[in-house]
Amino acid sequence: MQAYIFDLDGTLFDSMGVWRKIDDAFFGKRGLDCPDDYASAILPMPFEESSRYTIERFGLNETPEEVQQEWLDLAIHFYTSEVEFKPGAKDYLESLVANGAKLAVATSLPEEIMIPTLHKHDIYHIFHAICTAQDVGCGKNKPDVFILAAKKLGVMPEDCLLYDDILPAVKSAKSIGMKVCAVYDKTSAKDWGEIQKIADYTISDFLDIPL
């Protein structure tokens with residue numbers, strides 16, 4: 001396998017706790033509590049879809065653009081000051097690069113958050129392709145972003161190995177013949193049993209992979 005596709009949140013980066021902080025700040029400002037099911041509900045959605053869902057669900061008198069900008073401002077701060085790699089992730093990426101592998105990012109994160117974060121961790125330059133859910137207009141419950149990543153790498157989906165942590169991504173990638181290594185993240189713990197049944201491989205973190 002010479003083509004590898006990586007999710008960011010909860011996969012390469014131990015970042016899902018940051019979104020809890022963002023949600024708490026966002027809802028706290030409005031005198032609301034963040035429901036327990038909120039994070040899992042918006043997890044596979046693109047940013048714009050998440051904002052529309054949030055406005056509709058909580059009856060907010062705001063535009064999607066206003067909600068997205070507030071999230072962006074909070075996220076850029078947290079991602080460039082607090083987010084760190086999952087254990088072993090950077091060493092694993094560097095080992096793939098050293099062996100001539102083609103690497104791509106496939107994420108639901110907007111570029112405004114993703115690009116500064118990749119630069120901060122000095123890995124932006126190692127990826128041959130960067131693809132977002134915004135590029136294809138749908139979330140990871142559909143395989144479009146993975147199809148785009150494979151196309152940009154110049155390979156067929158079945159010749160790629162995807163690393164991701166959420167069930168919708170695992171399901172949609174498998175539906176197009178892509179190999180999947182699921183990475184455990186506590187945010188998706190409730191789905192881990194089903195993820196293990198569907199994914200080709202599962203790891204608790206990148207220390208599980210021999211370099």
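This is a predicted model: local features need pLDDT of at least 70, side-chain atom pairs count only at pLDDT 80 or more; totals for chains, interfaces and linings use all residues.
Residues are numbered from 1 along each chain as its sequence is written, and side-chain values use heavy atoms, with hydrogens and water left out.

Let me begin with the sheet. Helices and strands here are DSSP runs, numbered from the N terminus, where a helix is H or I with at least four residues and a strand is E with at least two. The model has an open sheet of 6 strands in the order β3-β2-β1-β4-β5-β6, with parallel pairing, and two strands are said to pair if DSSP finds at least two bridges between them. The edge strands are β3 (129–132) and β6 (201–203), each of which pairs on one side only, and the twist averages 20° from one strand to the next.

If we look at one pairing in detail, strand β2 (residues 102–107) joins β3 in the parallel sense over 4 bridges, and A106 has C131 in β3 as its bridge partner. T107, also found in strand β2, is buried, with a relative accessible area of 1%; buried means under 20%, exposed means over 50%, and partly exposed lies in between, using a 1.4 Å probe and protein chains only. Which residues does T107 contact, leaving aside its neighbours within four places in sequence? They are D7, L8, M114, C131, T132, A133 and K140, where contact means heavy atoms within 4.5 Å.

Helix α5 (residues 89–98) lies across β1 (3–6), β2 and β4 (160–164), running at about 155° to β1, whereas helix α8 (residues 144–153) lies across β1, β2, β3 and β4, at about 165° to β3. For such angles, axes are lines fitted to C-alpha atoms, for helices over the stretch in contact, and the angles run from 0 to 180 degrees between N-to-C directions.

Now I turn to helix α3. With 12 residues (47–58), and at 1.5 Å a residue, α3 should span 16 Å, which agrees with the 17 Å between its end C-alpha atoms; the expected span is 1.5 Å times one less than the number of residues. Its buried residues are F47, S50, S51, T54 and I55, and because they cover an arc of only 130° around the axis, they sit on the same side of α3. That arc is taken from the directions from the helix axis to the C-beta atoms. These buried residues pack against α1 (16–29), α2 (38–42), α4 (64–79), α6 (111–120) and α7 (133–136).

Finally, the aromatic rings, of which a search of the whole structure finds 17 pairs. Rings of Phe, Tyr and Trp (its six-membered ring) pair if their centres lie within 6.5 Å, and planes under 30 degrees apart count as stacked, over 60 as edge-to-face and the rest as tilted. F27 and F58 form an edge-to-face pair, 4.8 Å centre to centre with 65° between the planes, and this pair links helix α1 with helix α3, 31 residues apart.
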